Amino acid sequence: MRTTERDNLHSFLAAGGEMGALMRTHDWESTPLGAPGGWPRVLQDTLRLVLNARHPMFIFWGPQLIQFYNDAYRATLDAARHPAALGQRGRDCWSEAWDIIGPEIEGVLAGGPATWHERRLVPLLRDGALREVWWTYGFSPIVDEEGVRGVLVVCNDVTEEHHNRLALQALNARLEEEVAERRRAESELAAAKGRSEVALEEVSRASDQRRRLYETFLSNTPDLAYVFDLQHRFTYANAVLLQMWGRTWNDAIGKNCLELGYPDWHAAMHGREIEQVKATKKPIKGTVPFNGTFGRRMYEYIFVPVFGPDGEVEAVAGTTRDVTEREEAEEAISRNEQRFRSLIEASTQVVWHCGPDGAMEEDSPTWRAYTGQTYEEWRGFGWTDAVHPDDRAAALAQWRRCVAEGRVYESEQRVRAAGGGYRWTAARAVPIVGPDGAIREWVGTTTDVHDRRQAEMDRQRFVSLAERSEDFIGMAGLDLQPFFLNQAAVRLVGAASLEAALATPVQDFFYPEDRAFIRDEFLPRVTREGHAETEIRMRHFVTGAPVWMIYTVYVIRDAGGAPEGYATVSRNITERKLAEERLRQATVDLQGANQRKTRFLATLAHELRNPLAPLRTGLDLMQLPGASPDALGRARAMMDRQLRQMVHLIDDLMDIARIDSGKIELKRQRVALRGIAATAIEGVAPLMEAAEHRLEVDLPEEALWLDADPTRLAQVLANLLTNACKYTPAGGHIALMARREGQEAVIAVRDSGIGIPPDALEGVFEMFSQVSQNIGRAQGGLGIGLALVRSLVGLHGGTIAASSGGVGQGSTFTLRLPLADLATAPGGLPVAGSAVAQAAGGLRILVADDNVDAATMLAAVLSARGHYVSLAHDGDAALAQARANTFALLILDVGMPGLSGYEVARAVRRLPHLDGALLAAHTGWGAEHDRLEAHAAGFDAHLTKPAGLDEIDALLARL
Ligand code: ADP
């Protein structure tokens with residue numbers, strides 16, 4: 001269907017009735033001729049003429065004699081021939097008649113003269129049998145600048161006419177015979193005196209009959225037939241002539257040309273001709289246009305004398321034939337010849353002829369002009385002197401071979417041009433074969449192809465360069481359809497094939513959101529400014545990944561300077577872009593780190609300076625002569641606190657430094673999580689206390705065994721709990737929970753505090769990071785606690801994550817640690833609870849008292865002895881601590897809010913993990929019944945407030 005649509009575009013196939021339609025739909029593309037758009041101009045012209053003509057016409061085209069014909073011709077073909085004959089090879093189509101018409105057609109095709117035959121017998125297969133067909137036809141060459149390209153056949157099937165003519169001849173012969181007979185009869189009659197009246201009558205009847213036959217014949221020929229009398233009046237006109245005039249017999253007969261409306265000159269001309277026939281007794285021929293009812297047509301006519309019995313011209317008979325089509329065809333041919341001739345004269349092409357032996361004899365002015373050789377220099381094989389020495393031998397050898405074999409000669413060689421320098425030329429010569437089949441001569445052309453070849457070489461150089469390039473190189477038309485892309489381009493965008501890439505419009509190489517920019521903004525800028533450049537992403541065809549390019553585009557211009565398309569040499573800068581992005585990220589990171597560090601140093605300075613002022617004051621106080629022991633004690637305690645805080649700070653810093661330099665070493669052992677949790681809780685108890693937080697501890701019944709460094713892990717939990725305290729407004733709720741999940745211990749520290757905004761969650765574990773809106777809340781923080789926690793957890797093979805419902809929604813820090821594999825436990829028994837109570841060297845002691853000062857005091861003393869003291873300020877807190885931790889000694893105030901000391905003691909006594917623990921009651925009441933009640937509740941000892949150091953030492957000695 002594609003062929004049809006395209007062919008509709010070719011006007012030369014527009015007309016022509018049935019055949020025109022057939023030709024338009026014919027699948028020419030599968031024939032050697034190819035699509036009609038590419039047919040030579042002369043073929044197109046001749047076809048237009050043939051299709052427009054009403055006279056039968058036929059074309060044999062090219063060496064294969066491909067056939068075309070019009071509707072008028074088609075009428076002469078039977079179903080066996082048509083429509084197969086269209087596009088068929090002549091030899092295949094007319095095999096039965098080829099020995100008659102073949103040599104003639106080939107003769108014309110080989111450059112022989114045009115031919116014309118009147119009523120020639122060419123027997124043809126029709127309706128399955130070989131029939132005698134008479135033709136009036138001529139073969140004319142179809143010529144263009146390349147030489148004879150085909151043969152135009154103008155023809156008429158005149159079989160019927162031929163038969164009529166034969167009949168007429170037979171009739172005439174008989175007529176003559178009969179006339180002679182009549183004469184004989186007449187003389188006999190004279191002699192026999194009317195002896196055979198009857199016979200005469202018969203002759204006359206026969207003559208009448210003959211006239212009727214004659215009339216029938218003349219009325220049925222397509223030619224115009226007529227007779228003039230000696231006064232130039234029509235005495236006979238056949239039916240076609242009357243029709244052409246548009247007159248009836250009565251209206252026309254007896255009138256001369258002028259009276260019948262012929263133009264003056266025309267009537268006068270025929271008058272002269274009739275007189276000439278009369279005078280010379282010879283026929284006369286002519287061609288004349290006439291405007292009759294058939295329109296303006298061209299007529300060929302012949303006037304012949306009609307002799308009377310006396311041998312004088314008695315009348316002039318004429319026949320006229322419509323030759324409009326033939327004339328037109330001949331005119332077209334001569335126009336083509338004219339065109340061809342002027343083309344040769346005008347073109348720079350060199351044209352030459354030579355004899356069958358290949359030696360140049362005939363002068364070639366064009367060759368002389370091109371090479372500057374003289375005729376003498378060029379003659380024979382002298383022309384080879386003008387050929388470049390490197391090409392000479394090959395060109396000559398090729399020429400001799402073609403001459404010897406009678407093959408078409410084609411070769412490209414450099415020829416010295418008249419202007420100096422060698423130029424590339426393409427020579428081509430065809431042998432012209434005579435009717436005898438022998439080569440008569442050679443016609444050759446030499447064309448300057450230097451520029452084309454140079455361009456081709458440039459193109460090849462460009463292509464090989466482009467193909468070697470790693471850059472994206474491409475060219476596209478103004479319609480943005482690419483027509484060249486190098487391999488690198490195909491590779492960069494990941495196209496399946498070069499074809500696939502070429503089928504993709506330029507803008508589709510980019511992301512949809514960039515296409516409008518490319519099409520409507522960027523390329524118009526290129527057109528305006530000649531070239532433009534932009535950094536843009538192309539889209540990988542398969543992965544859709546961005547391919548960053550420096551997209552540089554130039555306008556391609558035609559010889560006249562008008563934009564013809566676009567060319568691009570573009571560089572893939574994806575790597576550079578990625579590197580830039582990495583660099584940018586690194587810079588951002590670095591800036592962040594730097595900011596955090598600056599902030600950290602400021603905070604650090606502040607934090608280190610903070611304790612110095614009270615220490616200074618404390619020292620000053622101690623030096624005051626009148627200072628009371630009480631004041632001194634408070635000062636010492638205060639200085640002790642400040643010092644601890646400072647030491648803690650510095651310890652953290654040193655830990656971080658150690659971890660950073662990989663110097664920290666875990667002292668792993670098998671420990672139960674419970675003990676570690678107890679240690680941590682104990683450490684933060686004062687803070688909890690001070691902020692009046694409620695601590696909920698929820699540990700599973702089963703022991704979660706870890707292979708961990710207990711000190712470090714306690715440090716981790718203490719850190720999380722401290723943060724929970726710090727970032728939760730007073731009176732908050734803090735929970736420490738643990739559970740087993742598969743082979744992991746999952747420990748969570750949850751608070752009801754200020755929470756962490758979602759975007760800050762990830763960052764809190766970064767060194768020196770502090771959530772900006774929490775800064776006000778930070779009670780002395782450096783932003784290193786969580787960094788240290790994460791490092792330590794990491795060293796233990798665990799992970800930590802922060803979560804928060806958002807600002808004001810509290811935070812949860814969840815720690816996951818691998819559980820110890822008990823089956824493959826390392827040597828030694830699991831560390832026992834009591835051992836944990838002593839793990840850190842000193843004893844673990846719980847001091848519970850609702851009097852904070854008293855509790856703190858006692859704790860300070862015990863700490864001074866090297867013990868680890870946990871504080872609780874009510875009974876419930878005390879019991880919670882006792883449940884969660886292992887203690888060697890519990891010193892409980894009896895009168896506490898909530899659970900009393902006795903109740904706590906009774907509960908503690910039921911806790912198996914505190915089996916060996918010592919329970920001491922601490923009351924203001926030293927009465928005996930108090931002691932008894934204490935004993936009953938499960939206390940081991942009873943201390944009366946304020947307990948002296950000796951008493952405490954004695955108690956400790958019991959452990
Ligand atoms: P800092 O010494 O500042 O507490 P950390 O590394 O321990 O340093 O914590 C980093 C930051 O994380 C804190 O400054 C705080 O803003 C935030 N943060 C830590 N824990 C909590 C929590 N439980 N609730 C809210 N914010 C917290």
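Predicted model: local features only at pLDDT ≥ 70, side-chain atom pairs only at ≥ 80, totals over all residues.
**Figure 1. Helix H21 passes helix H23 in a left-handed crossing.** H21 spans residues 629–660 and H23 spans residues 710–726. They pack at an angle of about 120°, and their axes lie 14 Å apart. That angle makes H21 oblique to H23. On the H21 side, the contact is made by Asp652, Asp655 and Arg658. H23 brings Arg712, Gln715 and Asn719 to the contact. Of these contact residues, four are charged, two are polar and none is nonpolar.

**Figure 2. Five strands form an open antiparallel sheet.** Reading across the sheet, the order is S2-S1-S7-S6-S3. Which strands stand at the edges? They are S2 (66–69) and S3 (115–121). Each has a single partner strand, so one side of each is left without a neighbour in the sheet. On average, neighbouring strands here are turned by 20° against each other, direction ignored.

**Figure 3. Strands S6 and S7 pair in the antiparallel sense.** S6 covers residues 134–144, while S7 covers residues 147–157. How many bridges join S6 and S7? There are 10 bridges between them. To find your way along the pair, look for Val143, which stands opposite Val148 in S7.

**Figure 4. Helix H3 lies across several strands.** H3 is formed by residues 41–52. The strands it lies across are S1 (57–61), S2, S6 and S7. Relative to S1, helix H3 runs at about 160°.

**Figure 5. Strands S17 and S18 form a hairpin.** Residues 472–477 make up S17, and residues 482–485 make up S18. The two strands pair in the antiparallel sense over three bridges. Gly474 has Leu485 in S18 as its bridge partner. Four residues sit between the strands, and Leu480 in the turn has a positive phi of about 65°.

Definitions and conventions. Residues numbered from 1 in each chain as written. Heavy atoms only, no water. Axes fitted to C-alpha atoms, helices over the stretch in contact; angles between N-to-C directions. Parallel < 35°, antiparallel > 145°, perpendicular 65-115°, else oblique. Left-handed = near helix turned anticlockwise from the far one by under 90°. Contact = heavy atoms within 4.5 Å. Nonpolar A, V, L, I, M, F, W, Y, C, P; charged D, E, K, R; others polar. Pairing = 2+ DSSP bridges.
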